[in-house]
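Thanks for coming, everyone. Let me put the structure on the screen, and then we'll walk through it.

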Amino acid sequence: MKKDIIISGVGGQGIVSMAAIIGTAALESGLNLKQSEVHGMSQRGGDVLSNLRYSDKPIASDLIPEGKADMIISIEPLEALRHLPRLSMEGWIITNTNPYNNIENYPDIEGIISEVRKIPNHILVDADTIAKDLNARRSTNVIILGAASEHLGFELAVLENAIIKLFEKKGSKVIDQNITAFYKGRELAHS
Amino acid sequence: MEKHLLMGDEAIAQAAIDAGISGVYAYPGTPSTEITEYIQKSEEAKEKNIRSSWATNEKTAMEGALGMSYAGKRSMVCMKHVGLNVAADAFVNSAITGANGGLVVVVADDPSMHSSQNEQDSRFFGKFAMIPVLEPHHQQEAYDMVHYAFDLSEVLKTPVLLRITTRLAHSRAGVAPRLITREQNELRLPERLTQFVLLPSIARENYKTLIHNQEHFKKAALESGYNSYLKGNDKSLGIIATGIAYNYLQENYPNQEIPYPVLKIGQYPVPNEMLQEIYDECDELIVFEEGYPLIEEALRGSLNIGKKIKGRMDGTLAFDGELNPVKVGKALGFPEPEKRPVPDIVVPRPPALCAGCPHIDSYKAINEVIAKHYSKGRVFADIGCYTLGALPPYSAINTCVDMGASITMAKGAADAGLVPAIAVIGDSTFTHSGITGLIDAVNDGSNVTVFILDNDTTAMTGGQNSAAVGNRLEDIVRGVGVAEEHIRVIRPLKKFHEENIQVIEEELNYPGVSVIIPRRECIVVLDQRMRQKFKDKTQ
């Protein structure tokens, strides 16, 4: 078992939390893990990227080599495309369809989506709408995680526990919201 | 043994606690900030009474750590690579004084300049100061090296430099801390009470000791196990890989041994015999170093008349930028993995000032006044979030060089006749390195207007406490000699825009030193504070 995952989005979208959930699942499964992210300047509304690697064998590099990622999970569609050279030719791209528009020259969203569709293995999720329907606006990242869950190589219970662990301190309401969001995302990936 | 998921920075912090430090000294700087933050948040560190609050700048931090070492206790000082420039006087001279209690200097370099203005390689600083340098290649090694560094420091009575880079600093992996930790040292003065007195007569003797110690440093590097020679059958090539570059090398040989001899480097000065062995054994060498070509340059020499040495200097690898598995693979002759290009539709998303950021209001006002009365090109800025004011739509600043340079460069430009000159500096950067420059300006009566953007925090690195905020800033400015009537505090808010414009016009019109303090809390910190308040209320 070995997975190399790129998680992308814009600063503040919950990339670190998403990486933490998957990371916890990997650790609880007794796997080796390396997870690197960019801090500092990129937090100010810039693009954010996390390299997440887990394996039953030792992991050498903190960075995933270009062309080798098994999947890109993105909370923002433009950011999903930005890191495309990192994706393997057989890799999956799993992304939110909602733009985070904090730049003046944000490209045509239809054009972005059609570029995503060119990747044979893709899952597009309108996570913002679901989050709104669920009254859980901050759970967009967990919805995307749900949509990607089938490709992560974990039992559902392991991921569920990792979500509980991350949101433990925030109380049962937040946990329930996120578990619901997770399963909704997973369900949508199939539809 | 139980493993904890720790960032490189956190592994270093935990190791320092376990190794019995009595204090950590630091000024925030990406990618080093999390080391000190970890210790500040650690319950264990609190119980052990480890001092950890932020220093005003890297030099005061380095000197604080040196003082603690003088008193016999273990201390650690942490900074980003350019911070070492600020601390350089104290750092280089600490090699001459030597250490008493263990003294470890952690410097986090930022190749590829993710959040920095250059990619200088601190190993050169270590070489320059002539002290041992350690360069871990993964988080566990970083943890272990801190323990080793304190031992080495106390045995050889020398400061030790631990050099990491962004990737290690900000990457998490499982780390197994030691079960047996060390108590802090007791107060214990140096055996020779003149050890730290660098009068020329004493400094000359100390320097001779330092020169003599080079052999001990090399011997340690030979025996520690952090440098190792890995045999390989194919001697057409020998590989030297330092620090994290070794990971990228390994990544290219998944599940198999590397066919070539490899010299893995994690400790400097590198013993000559190790370099000699691989040089003699192999037809040619390739050097992978994260940073400048330190070993490569030493091997090639100026004349480059020996065997072929490949690396950053002959173009096998780009001279600039951080390494990665693909760059290393390409240099070894592996084909590049097949990949898709970035689609043309993708545009950059540069970092930007947050919506609601007080700096936006300050820049709008400054821009408006300049457009109305003066020509462009007179705003000297500094290091912080407000450096983002260089980008559209503000395009408000003309320089950003080093911490504190705004005031002094504005002064120099004013001296040259570019008046009025404007300096823009944050509250934390002002206390870090702006005060002395302001004294220069006052002494010369320079025609400068200094904006101290007081957002009550060190925002760029994530909201650490500033050394002086609020009224203390006015007190400092007044104490430095700026006339009371030219110290103006304004509220950078839309509703005060017209008033603020008037204040700025008045002060730009004044042909001496003015200080305007736009004061409003960082919007991110405010948001965090409000959320915490809400949480406290609801719990």
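Which residue takes a positive phi just after H8(B)? That is Lys157(B), with a phi of about 50°. Before going on, a word on ground rules. This is a predicted model, where local features need pLDDT of at least 70 and side-chain atom pairs count only at pLDDT 80 or more, while totals for chains, interfaces and linings use all residues. Residues are numbered from 1 along each chain as its sequence is written, and chains are lettered from A and ligands numbered from 1 in the order in which they are written.

Back to Lys157(B). It is not a glycine, yet its phi is positive. Look for Lys157(B) in the loop between H8 and strand S6 (160-165) of chain B. Helices here are DSSP runs of H or I with at least four residues, strands are runs of E with at least two, and both are numbered from the N terminus. Is Lys157(B) buried or exposed? Lys157(B) counts as buried, because it has 21 C-beta neighbours inside 10 Å. The cut-offs are these: buried takes 20 or more other C-beta atoms within 10 Å of the residue's own, exposed takes 12 or fewer, and partly exposed lies in between, with C-beta atoms placed from the backbone.

Now compare Met113(B). Met113(B) is another non-glycine with a positive phi, about 50°. Its place is the loop between strand S4 (103-109) and helix H7 (122-129) of chain B. Met113(B) has 14 C-beta neighbours inside 10 Å, so it counts as partly exposed.

Next, H8(B) itself. This helix covers residues 139-156 of chain B. Its 18 residues should span 26 Å at 1.5 Å a residue, and its end C-alpha atoms are 25 Å apart, which agrees. The expected span is 1.5 Å times one less than the number of residues. Buried residues of H8(B) include Tyr143(B), Met145(B), Phe150(B) and Leu152(B).

Further along chain B is helix H15, residues 358-373. H15(B) has 16 residues and reaches 23 Å from first C-alpha to last, close to the expected 22 Å. Among its buried residues are His359(B), Asp361(B), Tyr363(B) and Val369(B). What covers the buried residues of H15(B)? The cover includes strands S14 (379-380), S15 (421-426), S16 (448-453) and S18 (514-518), along with helix H19 (497-509), of chain B.

Two cis peptide bonds in chain B deserve a stop. One runs from Thr30(B) to Pro31(B), with omega near 5°. Pro31(B) sits in the loop between strand S2 (21-26) and helix H2 (33-41) of chain B. Another runs from Pro392(B) to Pro393(B), also with omega near 5°. Pro393(B) is in the loop between S14 and helix H16 (405-415) of chain B.

On to chain A. It has seven helices and six strands. In order from the N terminus, the elements run β-α-β-β-β-α-β-α-β-α-α-α-α. Of its 191 residues, 55% count as buried. The C-alpha trace spans about 45 × 40 × 35 Å along its principal axes.

Take H1(A), residues 15-28. Of its 14 residues, 10 are buried, so the helix is largely enclosed by the rest of the structure. Those buried residues include Ile15(A), Met18(A), Ile21(A) and Thr24(A). After H1(A) comes Gly30(A), with a positive phi near 75°.

How do H6(A) and H7(A) pack? Helix H6 (residues 156-167) and helix H7 (residues 172-190) of chain A meet at an angle of about 145°, with their axes 9 Å apart. Axes are lines fitted to C-alpha atoms, for helices over the stretch in contact, and angles run from 0 to 180 degrees between N-to-C directions. On the H6(A) side are Glu160(A), Ile163(A), Ile164(A) and Phe167(A), and they meet Val174(A), Ile175(A), Asn178(A), Ile179(A) and Phe182(A) in H7(A). By class, that contact has seven nonpolar residues, one polar and one charged. Nonpolar means Ala, Val, Leu, Ile, Met, Phe, Trp, Tyr, Cys and Pro; charged means Asp, Glu, Lys and Arg; the others, Gly among them, are polar.

Last, the two chains together. In all, 40 residues of chain A are in contact with 36 residues of chain B. Contact means C-beta atoms, placed from the backbone, within 7 Å. S2(A) gives the most to that side of chain A, with six residues. That side has 17 nonpolar, 14 polar and nine charged residues.

Note on methods:
Two residues are in contact if their C-beta atoms, placed from the backbone, lie within 7 Å.
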